[in-house]
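Welcome, and please take a look at the sequence and the model shown below. The notes that follow walk through a few parts of the fold, one heading at a time.

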2 protein chains.
Amino acid sequence: MCSGDDRHCPQFDLHRQQLLEDLDAERRSFLKSAFVATGGVAALTAGGDLIRPAEAQTATARQGRPNHHYLPATAETVHWGYFSKLLKPQIEIDSGDYITIEALTHHANDDAERMVKGDPGAESVYLWTKEKKGVNRRGAGPIDGKLLGRGAGEGLGVHICTGPVYVRGAEPGDVIELRIMDVKPRPSANPKYSGKAFGSNAAAWWGFHYKELLTEPKPREVITIYEIDATGQRNWAQAVYNFQWTPQTDPFGVVHKTIDYPGVPVDHSTIKENYGVLKNVRVPIRPHFGVIALTPKEADIVDSIPPGYFGGNMDNWRVGKGATMYYPVAVPGALLSVGDPHASQGDSELCGTAIECSLTGTFQVIVHKKASLAGTSLAQLDYPMLETQDEWVLHGFSYANYLAELGETAQKTIYEKSSVDLALRDAFRKMRAFLMNTKGLTEDEAISLMSIAVDFGVTQVVDGNWGVHAIIKKNIFVGAEA
Amino acid sequence: MCSGDDRHCPQFDLHRQQLLEDLDAERRSFLKSAFVATGGVAALTAGGDLIRPAEAQTATARQGRPNHHYLPATAETVHWGYFSKLLKPQIEIDSGDYITIEALTHHANDDAERMVKGDPGAESVYLWTKEKKGVNRRGAGPIDGKLLGRGAGEGLGVHICTGPVYVRGAEPGDVIELRIMDVKPRPSANPKYSGKAFGSNAAAWWGFHYKELLTEPKPREVITIYEIDATGQRNWAQAVYNFQWTPQTDPFGVVHKTIDYPGVPVDHSTIKENYGVLKNVRVPIRPHFGVIALTPKEADIVDSIPPGYFGGNMDNWRVGKGATMYYPVAVPGALLSVGDPHASQGDSELCGTAIECSLTGTFQVIVHKKASLAGTSLAQLDYPMLETQDEWVLHGFSYANYLAELGETAQKTIYEKSSVDLALRDAFRKMRAFLMNTKGLTEDEAISLMSIAVDFGVTQVVDGNWGVHAIIKKNIFVGAEA
């Protein structure tokens with residue numbers, strides 16, 4: 001498949017032109033500040049309470065004071081299912097600025113009553129009638145949908161990503177530090193569900209379990225809708241009901257026998273809602289973003305599903321409030337996007353998804369220039385790394401940079417080549433390099449320490465490029481930086 | 001290789017006779033109570049402080065009161081590198097009894113000065129002169145050592161296991177509950193190192209890193225000696241020195257170019273001790289037993305390295321003080337053995353070993369009869385399961401029961417067939433069964449819950465049969481049993 005980024009494709013010029021027109025057709029406006037776009041301060045207060053928006057609004061003028069920006073999720077501010085260095089930024093920020101970003105789950109249409117209805121942002125993104133689609137392209141596939149017949153973009157990539165955010169001064173070779181200041185569930189806008197938020201868990205065909213089902217009918221896809229307390233009083237989710245996926249006909253008339261295209265509205269008259277499931281089960285919430293991505297440089301349009309050196313769909317539940325992420329910058333301005341919000345997930349994300357639940361995050365974004373990295377914990381960082389108060393968490397993948405390693409068919413073949421064994425090897429190599437480069441250990445010291453004090457876990461086995469993370473406690477290093 | 005347990009071997013009768021003679025030749029005495037064997041109460045007090053030994057000593061006579069036994073580690077009470085249902089038990093206990101068991105690390109001879117010298121138990125086990133070897137068989141291989149030329153048992157299995165303990169009333173189909181009441185490091189008996197305990201970490205040829213080394217000389221094996229505070233004041237270990245393995249000639253004249261046979265005394269005049277390694281690094285200790293095994297039924301003599309349904313060399317650092325283990329019983333009396341003590345280990349045990357450090361554990365052993373299991377968390381348990389105050393931890397392996405699944409060559413082929421992917425699949429299947437069988441969930445409920453609330457981690461990738469564990473929080477189940 002050439003999406004306009006394979007220069008060896010005989011029809012490259014045509015495809016390239018189509019891609020550029022397509023991206024342009026979404027009429028992304030280049031906004032100096034989305035504040036202006038949202039038309040006021042009102043929307044801001046819902047997002048983050050750490051920063052006083054009124055102060056932030058006027059901060060631009062003040063010398064040396066960080067600004068606070070707000071980027072809502074609307075049909076205009078999201079890109080769905082792909083990353084692209086060709087996308088026009090939605091907003092420009094400076095190093096040190098704060099930004100509140102709304103992220104919408106791409107599973108909201110599993111129960112539109114609870115997760116879309118009455119919410120202007122979600123309604124604009126999910127708008128889909130016979131005549132009109134709020135966001136046409138969903139995925140990195142061909143825009144005409146003639147390859148697989150699923151729809152524009154073919155669902156080769158599924159996440160609603162808000163952005164990109166252009167970070168001034170960020171250049172290839174630099175590192176972006178992203179501090180997650182706050183994460184809040186997005187309340188249902190339907191008055192029937194006041195004070196509640198909802199999420200969807202899809203046990204889907206790409207899940208690790210799918211070919212292993214015990215009970216009939218086999219195979220099957222099952223959606224479970226979960227309720228979360230939007231007021232923050234309760235720290236657990238509970239199941240509301242589940243249903244088995246039935247063929248769904250989208251507004252353009254395409255029948256989706258399986259969950260093969262994101263945002264297809266589920267017609268609840270065609271499914272059976274089973275209540276009373278997971279009775280007496282309380283799922284501790286771990287609100288986090290499955291996708292936080294800088295834009296990769298290797299291809300012009302990149303499927304949002306496989307994670308890589310640029311971050312992306314890492315699906316590590318530790319990427320929540322209080323965590324700090326570090327990413328290597330691949331393109332000018334870094335082009336940061338946020339999506340795939342989760343209310344909770346376990347290590348492995350076994351069945352294919354988490355509790356997919358819209359969230360709003362507040363971040364501080366800091367640029368570390370390449371020349372300043374030597375001798376710090378960010379030296380030679382070429383992968384996404386997480387820092388908490390107590391730990392460093394390094395992310396390994398089956399292929400550290402699958403876009404470069406797997407050649408021109410990378411975006412297809414990555415789905416056939418992943419394994420946990422490979423991801424463990426990558427995580428081991430990264431942790432060894434981290435200990436040698438940033439802690440000054442010899443290889444023998446690093447290897448011994450990894451065996452006795454580093455924990456390797458299965459991040460996810462459902463995102464094409466499978467993940468293993470390696471965790472080391474910071475206080476192992478006596479007198480080391482906090 | 002036929003060790004006397006392959007009935008299809010043309011020389012089965014001969015090999016069988018050799019095996020039986022060999023096991024018998026170790027002259028294991030059947031001890032009603034090891035108390036008698038150790039000759040007194042003095043040794044007891046070092047072991048566990050939860051149980052008053054004087055009381056325990058006389059408890060046998062009291063109706064309905066549990067007894068407290070003590071099983072020291074000596075050349076007479078250990079079996080080295082294998083499990084066998086043919087072994088005579090060292091001690092017999094009742095369900096509900098307490099037992100303190102000494103476990104010796106099989107790496108003590110990496111630094112005999114610190115880990116063997118002056119310790120009568122360790123000295124008797126490690127005794128090896130030109131004329132005499134305290135424990136001859138080390139491993140499940142042929143006793144004549146002519147297969148690989150390494151020595152008796154060929155090092156096909158490496159752990160010094162104390163036991164077996166015969167649990168009265170335990171029959172195949174029952175479950176043994178093993179409560180780990182206390183775990184204490186074994187202090188160095190060398191007055192030079194008073195108040196300290198020591199452990200060895202070997203970055204060895206079976207490690208995950210071995211073929212991936214960056215620096216010269218390649219390949220190499222490196223031993224790092226760690227110091228632990230035996231008084232319990234400090235909860236961290238620190239490195240003392242490391243050295244590169246050089247060919248070591250054992251007292252029988254066999255040269256060991258690599259670490260291919262357990263307990264070979266390292267001649268420190270042939271190696272270079274590098275001090276100052278891992279300076280300013282403090283490794284949090286996680287004292288635990290790498291090996292706790294009930295004896296498997298599938299073969300008469302079983303390599304101690306690959307773990308399986310019977311437990312064995314699971315190498316999960318969570319198997320420490322306060323944890324409770326459950327194992328399915330395969331042979332009459334269960335035949336429990338304990339070994340492979342570790343001061344600390346990370347998930348994956350990447351380089352091949354942990355901090356291998358002698359420990360003494362105090363356990364309570366309870367038999368759950370098969371008929372009593374239905375409706376409990378132990379229903380249909382056919383694998384080792386760990387319970388802590390907060391969690392259930394289920395253990396998956398590349399092959400759940402490799403001895404049965406891989407046929408007659410199982411003990412050889414398991415080393416060629418392991419992967420984390422397979423172990424993850426097994427852990428998934430077990431957790432699904434646990435949730436369905438013991439929590440009454442449907443398959444769809446179980447699968448959804450696994451994706452959002454169960455964490456899968458890499459237990460070890462160095463023990464032949466690789467492991468993935470699955471952790472679920474108990475308080476997810478509202479009003480469930482504590």
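## A paired strand in chain B

Seven bridges join strand β23 (residues 391-397) of chain B to strand β25 (residues 467-473) of chain B, and the two run antiparallel. Two strands pair if DSSP finds at least two bridges between them; helices (H or I, at least four residues) and strands (E, at least two) are DSSP runs, numbered from the N terminus. Within this pairing, Leu394(B) has Ala470(B) of β25(B) as its bridge partner.

Strand β22 (residues 385-387) of chain B is also joined to β23(B), by three bridges, and these strands run antiparallel. A hairpin of three residues leads from β22(B) to β23(B), and Glu387(B) stands opposite Trp392(B).

How many residues of β23(B) are buried? Seven of its seven residues are, so the strand is mostly covered, where buried means under 20% relative accessible area, exposed over 50% and partly exposed in between (1.4 Å probe, protein chains only). Glu391(B), Val393(B), His395(B) and Phe397(B) point one way, while Trp392(B), Leu394(B) and Gly396(B) point the other way.

## How to read the model

This is a predicted model, in which local features need pLDDT of at least 70 and side-chain atom pairs count only at pLDDT 80 or more, while totals for chains, interfaces and linings use all residues. Residues are numbered from 1 along each chain as its sequence is written, chains are lettered from A and ligands numbered from 1 in the order in which they are written, and side-chain values use heavy atoms, with hydrogens and water left out.

## Two helices in chain B

Two packed helices are described by the angle between their axes and the distance between the axes. In chain B, the axes of helix α9 (residues 420-439) and helix α10 (residues 443-453) come within 9 Å and cross at roughly 125°. Axes are lines fitted to C-alpha atoms, for helices over the stretch in contact, and angles run from 0 to 180 degrees between N-to-C directions. α9(B) and α10(B) are therefore oblique to each other; angles under 35 degrees count as roughly parallel, over 145 as roughly antiparallel, 65 to 115 as roughly perpendicular and the rest as oblique.

On the α9(B) side, the contact (heavy atoms within 4.5 Å) is made by Phe428(B), Met431(B), Arg432(B), Leu435(B) and Met436(B). Their counterparts in α10(B) are Glu443(B), Ala446(B), Ile447(B), Leu449(B) and Met450(B). By class, the contact has eight nonpolar, no polar and two charged residues; Ala, Val, Leu, Ile, Met, Phe, Trp, Tyr, Cys and Pro count as nonpolar, Asp, Glu, Lys and Arg as charged, and the others, Gly among them, as polar. α10(B) is mostly covered, with ten of its eleven residues buried, including Ser448(B) and Ile452(B).

## Chain A in outline

Chain A holds ten helices and 25 strands, and 64% of its 482 residues count as buried. Among its contacts between residues at least 6 apart in sequence, 74% join residues at least 24 apart.

## Tyr309 of chain A

Where does Tyr309(A) lie? Tyr309(A) is in the loop between β16 (302-303) and β17 (311-313) of chain A. Its relative accessibility is 8%, so Tyr309(A) counts as buried.

Leaving out residues up to four places away in sequence, Tyr309(A) touches a set of residues including Pro296(A), Lys297(A), Asp382(A), Tyr383(A) and Phe397(A). Ala330(A) is also among the residues that Tyr309(A) touches; the two are 21 residues apart along the chain, and their C-alpha atoms are separated by 9.3 Å.
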